Amino acid sequence: MTSMAVTNIGELVTNDPAAGHGRLGVLPDAALIVDDGRVAWVGANALAPAADTVLDAQGGAVLPGFVDSHTHLVFAGDRAAEFAARMAGERYTGGGIATTVAATRAAPDEELRATVERLRREALRQGTTTVEIKSGYGLTVPDEARMLRIAFEASPETTYLGAHVVPAEYADRPDDYVALVCGAMLDAAVPYARWVDVFCERGAFDADQARAVLAAGVAAGLAPRVHANQLGPGPGVRLAVELGAASADHCTHLSNADVALLAGSSTVATLLPGGEFSTRSPYPDARRLLDAGVTVALATDCNPGSSYTSSMPLCVALAVREMRMTPAEAVWAATAGGAQALRRTDIGHLGIGARADVLLLDAPSHLHLAYRPGVPLIRHVLHNGVLT
Ligand SMILES: [Zn+2]
């Protein structure tokens, strides 16, 4: 494989404090060498070793690729009308998930596959080089298995979310559904899943049901993560920390005890501001989490109901404007934070040996991601060292 030099970098964000200034490890006037899909060298532009090919950053900023650690890309249909109704004053309750379940069950594999591919490419153009994908709109043994099989073709970071909601046919016997999620459905999911997740929320799954689902997943070799405290206070965060989950996602309605538990754990708080934006709901208090010492990640929650965006730059801008994160904190959370939420050390940074997932911005600094919201600033994306 040939090597590539990315030269004339105005500002290189490495996320490696040993390589540069601050937590983002920023190097001015830098260059970066990619070899065999990995970062082989970073340093001053003037000292850059020779490489087979050169990509001139023209003074722009260079960052690690975004790590979107929470999406629901496998689905059919859209819910634009539900969005319009919400914007006209209706409240979001999560009930619309049933609409997507019906459409997804009816869709052939090729249609689901095409949607995942379209959204994955859409995300890549906006700088997302790693995407986690959940099931959860099948809610039958064969439909959850095929959702995960299709997701697994697009990403190794797949999550079994059979416990998304109780489907209508189990409405009067939810414990039978939990038993299915922990039994035959789990067995069918395991070959295509790395993670197990549960929507722990009033109207979805309570603490005992959620604990049973996560414990069964762990026993089958999956690692836990939790949809926690999105719509109201509840036991989700407590459960995530108790089970050593990689991430508690949403974290909008937290008690002081929840915040303290997260701060004392290795569980990342993954915030999904696209959801609050699209449901016109109060944003999570990122400042409170950061000030308490909690590790924060940002992700899109891309799904057709509550957050139909694949844009990590939008999430960075919202986190800064609406959640009182600094631009540096938001960029870190969208890259290194996402990697930590997926327990990955090879992505989310540009230290030596990291996977060469690299963004070249049409802007001199990472600040512009929040300073120029909605502007397509991603000029080039390297994925595994290859120009996409
Ligand atoms: Zn979600």
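Reply: Helix α12 (residues 312–323) has nine of its 12 residues buried, so it is largely enclosed by the rest of the structure. Buried means 20 or more other C-beta atoms within 10 Å of the residue's own, with C-beta atoms placed from the backbone. Helices (H or I, at least four residues) and strands (E, at least two) are DSSP runs, numbered from the N terminus. This is a predicted model: local features need pLDDT of at least 70, side-chain atom pairs count only at pLDDT 80 or more, and totals for chains, interfaces and linings use all residues. Residues are numbered from 1 along each chain as its sequence is written.

Me: Which residues of α12 are buried?

Reply: Met312, Pro313, Cys315, Val316, Ala317, Leu318, Ala319, Val320 and Met323. Arg324 follows α12 and has a positive phi, near 60°.

Me: What does Ala319 touch?

Reply: Leaving out residues up to four places away in sequence, Ala319 touches Leu271, Pro273, Ala286, Leu298, Met325, Ala330 and Ala333. Contact means C-beta atoms, placed from the backbone, within 7 Å.

Me: And the largest nonpolar core, how many residues does it have?

Reply: It has 131 residues, and those with the most contacts inside it are Leu32, Val62, Val213, Val316 and Ala319. A nonpolar core is a set of buried Ala, Val, Leu, Ile, Met, Phe, Trp, Tyr and Cys residues joined through C-beta atoms within 7 Å. This core draws at least three residues from each of domain 1 (3–65 + 349–387) and domain 2 (66–341). The domain bounds come from an automatic or database domain assignment.

Me: How many residues are in contact between domain 1 and domain 2?

Reply: 20 residues of domain 1 are in contact with 20 residues of domain 2. On the domain 1 side, β5 (61–64), α14 (368–371) and β16 (378–383) each give two or more residues, and β16 gives the most, with three.

Me: Different topic. At what angle do α3 and α4 pack?

Reply: About 35° for α3 (residues 109–125) and α4 (residues 141–154), with the axes 10 Å apart. Axes are lines fitted to C-alpha atoms, for helices over the stretch in contact, and angles run from 0 to 180 degrees between N-to-C directions.

Me: Which residues make the contact?

Reply: α3 supplies Asp109, Leu112, Arg113, Val116, Glu117 and Arg120, while α4 supplies Arg146, Met147, Ile150, Ala151 and Ala154.

Note on methods. Contact = placed C-beta atoms within 7 Å.
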